[in-house]
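Subject: Structure for you to look at

Hello,

Here is the structure I said I would pass on. Please open it first, then read the notes below.

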Amino acid sequence: MELVERLTPSMRRVARMFVSSDAVADEAVQEAWLGVLQGIDRFEGRSSLRTWIFRILVNIAKTRGQREARSVPFATLAGDDLEAPSWEPAAFDSGGHWSTLPFDWRGLPEDRVTGNETLRVIGRAIEALPPMQAEVIRLRDVSGWTSEEVRNALELTDTNQRVLLHRARAKVREAVEAHLRSERE
Amino acid sequence: MSTQIACRQLLELISGYLDEALPADTRAAVEAHLSGCDGCSAVLDEFRTTIELTGQLTEAQLTPAQRDTMLAAFRDWTGS
């Protein structure tokens, strides 16, 4: 039961990427748990249990999405900014080195940086990410999954997983910086 | 001789560096760059802090109604 409670929120979000409504996503999650119960004897421990559960879910959600004739392009889920630089090009000289040094948080009082308001800023920044970037950063940095688990669970290549995570982290870092700058002024 | 990387390139490698996912020669080039670059060292520290803070968030809670529906359905299947 604890596992159901722990995994279900991310499972609903992941399912929702592939289907057209929250209700269908919930059905997919329920079907996935049923599949887990029926198939648990076949779980061979070659991947982690949570990865195996997510693979079952992703298969079900994709099948349901196809049945709804809803095929979502990878770029819609992943965001169209994966090739974009993590940083304003204007911050660099022609050789690619800083032309002005970046704003440095490190001199700020620690309680300001690590306060609850910063956590809320991070939560909102994650919500605003394209769905696949949001899910990768949640699984990796909030839930502590390994890159291999995330890659297998969401059927991503190694490179895609890394780029999605980096884009997500860069945008969250940027949001924290904007928040700290605005507080200072 | 290891290749030199510019700040703009280094910023794309930070997550890979923190996850220890870079090939050895790239990792060495990143470390060589960081040892001489205050700006990039600051950004690396900020990524570390951001990741640490992100880890303090709790997983989104289901609203009680949704959770109860899900758990009830689950009990039906398990027959408990």
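Predicted model: local features only at pLDDT ≥ 70, side-chain atom pairs only at ≥ 80, totals over all residues.

Chain A overall

Chain A has nine helices and zero strands. Read from the N terminus, its elements run α-α-α-α-α-α-α-α-α. The C-alpha trace spans about 60 × 35 × 30 Å along its principal axes. Of the 185 residues in chain A, 48% are buried. Take the contacts in chain A between residues at least 6 apart in sequence: 72% of them join residues at least 24 apart. The accessible surface of chain A is about 9,200 Å². Carbon and sulfur atoms hold 48% of that surface. Chain A carries 26 positive and 29 negative charges, and their mean positions are 2 Å apart.

Helix α3 of chain A covers residues 49-67. Its 19 residues reach 27 Å from first C-alpha to last, close to the 27 Å expected at 1.5 Å a residue. After α3(A) comes A69(A), with a positive phi near 55°.

Salt bridges

Side chains of opposite charge can pair when their charged atoms come close. How many salt bridges does a search of the whole structure find over all chains? The search finds 26.

Start with R12(A) and D26(A). They form a salt bridge, with the closest N and O atoms 2.6 Å apart. R12(A) sits in helix α1 (residues 2-18) of chain A and D26(A) in helix α2 of chain A. The two residues are 14 apart, and the pair links distant parts of the chain. Are they buried or exposed? Both R12(A) and D26(A) are buried.

Next, R106(A) and D45(B). This salt bridge has its closest N and O atoms 3.3 Å apart. R106(A) lies in the loop between α4 (74-78) and α5 (110-114) of chain A, while D45(B) lies in helix α3 (residues 38-54) of chain B, so the pair joins two chains. R106(A) has a relative accessible area of 42% and is partly exposed. D45(B), at 29% relative accessibility, also counts as partly exposed.

Then R173(A) and E177(A). Their side chains meet in a salt bridge at 2.9 Å, N to O. Both residues lie in helix α9 (residues 158-184) of chain A. They are four residues apart, about one turn of the helix. Both R173(A) and E177(A) are buried.

Last, the network. Salt bridges link R13(A), E127(A), E135(A) and R138(A).

Chain B has four helices and zero strands. From the N terminus, the order is α-α-α-α. Of its 80 residues, 41% count as buried. Among the contacts in chain B with a separation of 6 or more, residues 24 or more positions apart account for 54%. The accessible surface of chain B is about 4,400 Å², and 48% of it belongs to carbon and sulfur atoms.

Which residues does L53(B) touch, leaving out those up to four places away in sequence? They are V113(A), T114(A), T118(A), L119(A) and I122(A). L53(B) lies in helix α3 of chain B, the helix that also holds D45(B). With a relative accessible area of 2%, L53(B) is buried, because buried means under 20%.

Best wishes

Notes:
Residues numbered from 1 in each chain as written. Chains lettered and ligands numbered in written order. Heavy atoms only, no water. Salt bridge = Lys/Arg side-chain N within 4 Å of Asp/Glu carboxyl O. Buried < 20%, exposed > 50% of the residue type's maximum accessible area, 1.4 Å probe, protein only. Contact = heavy atoms within 4.5 Å. Areas by Shrake-Rupley, 256 points an atom, 1.4 Å probe, with all protein chains shown as cover. Lys, Arg positive; Asp, Glu negative; His and termini not counted. Charge placed at Lys NZ, Arg CZ, Asp CG, Glu CD. Expected span 1.5 Å × (residues − 1).
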